[in-house]
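Please look over the sequence and the model below before reading on.

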Amino acid sequence: MEKILSAIAEPNRLNIIELLRDGPCTVGEIAEHLRLRQPQVSKHLRVLCEAKLVEVHPMANRRIYKLHVQGLKEIDSWLDSFRHLWEDRLDQLDDYLKELQRKEKDE
Amino acid sequence: MSEKNAANRLNSYVNGKKLVLERMFEAPRELVFKTFSESEHLANWWGPTGWTTENKSFDFKPGGVWHFCMTCEDKNQKDFYGQKSWGKVTYHEIIAPEKIVYTDTFSDEEGNVSSNAPKQLITINFEEQSGKTKLIIQSQFESEEALKAVIEMGLKEGMASQFNDLDEYLKQLSN
């Protein structure tokens, strides 16, 4: 998860992800759209691929980049697990507060 | 858990770079605050279901640290059963009985935090509402853009069309 967060914390890389939402692209297309140099785009794509946010499909002599479901799902489940942890924890707190108040009454 | 009703449900939403969780408790604010500010109380409810919490140190003041260990005692949680998880909370701001700001992270037994452990800055507000208490928990992620990206991508519905797009694109290329 750490890898994913740091991968998308960089504004250019986030722009690449947003561009790929509209459809798969080649390095050249990404460079043109975002007005970046190709080697720079390639470097960012490498980081995004490592974080499993983007995947590459070789197509004849071209390489097409597209969003990768795995990394995106990981972000989603990470947010979910955080929500669940608190949900569970606050259920425990709710029960505990009821118990405390019952005891208070009894005393 | 049978006493739940809709009003007590957890409400969660994203506000800018924060994930916000809200929930009402049928207890006075002073008491709810106490369950966060006193060592014995915290240990009694903090761990998730089936996990017990043991406090190694507890210093409830700005700059103070709460170092604790959660242990899974529930045999039904197969892989987790017997596992220990050390946590470290560092308090930044405390206004009794209204507000607590702290950083939450994983640590080891000695309280060392590894540099790549995820850290979350948590702000908890306690709002009094005619004898009840509304807890507002805001979690700020380290990377503002990261969270924004997740939301903007509209994960669930966005992916299906993404695949169609690729199919279309590949067709175009091969023509």
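**Backbone features and helix packing**

In chain B of this predicted model, B:Pro97 sits in the loop that connects β5 (84-95) with β6 (99-106). The peptide bond between B:Ala96 and B:Pro97 is cis, with an omega of about -10°.

Two further loop residues deserve a look for their phi angles. B:Ser130 belongs to the loop between β7 (120-129) and β8 (132-140) of chain B. Its phi is near 35°, a positive value in a residue that is not glycine. B:Ser130 is exposed, because its relative accessible area is 77% and the cut-off for exposed is over 50%.

In chain A, the loop between β2 (54-59) and β3 (62-67) holds A:Ala60. This residue is not a glycine either, yet A:Ala60 has a positive phi of about 55°. With a relative accessible area of 79%, A:Ala60 is exposed.

Chain A as a whole contains five helices and three strands. Along the sequence these elements come in the order α-α-β-α-α-β-β-α. The pair α3 (residues 27-34) and α4 (residues 38-50) of chain A pack against each other, their axes 9 Å apart and at an angle of about 110°. Angles of 65 to 115 degrees count as roughly perpendicular, so α3(A) and α4(A) are roughly perpendicular to each other. The crossing of α3(A) and α4(A) is right-handed.

Which residues make the contact between α3(A) and α4(A)? From α3(A) come A:Val27, A:Gly28, A:Ile30 and A:Ala31, and from α4(A) come A:Gln38, A:Val41, A:Ser42 and A:Leu45. Sorted by class, the contact of α3(A) with α4(A) has five nonpolar and three polar residues, and no charged ones.

Some totals for chain A complete the picture. Of the 107 residues in chain A, 46% are buried. Among contacts in chain A with a separation of 6 or more, 47% are between residues 24 or more positions apart.

How values were computed: Residues numbered from 1 in each chain as written. Chains lettered and ligands numbered in written order. Predicted model: local features only at pLDDT ≥ 70, side-chain atom pairs only at ≥ 80, totals over all residues. Heavy atoms only, no water. Helix = DSSP H or I, 4+ residues; strand = E, 2+ residues; numbered from the N terminus. Buried < 20%, exposed > 50% of the residue type's maximum accessible area, 1.4 Å probe, protein only. Axes fitted to C-alpha atoms, helices over the stretch in contact; angles between N-to-C directions. Parallel < 35°, antiparallel > 145°, perpendicular 65-115°, else oblique. Left-handed = near helix turned anticlockwise from the far one by under 90°. Contact = heavy atoms within 4.5 Å. Nonpolar A, V, L, I, M, F, W, Y, C, P; charged D, E, K, R; others polar.
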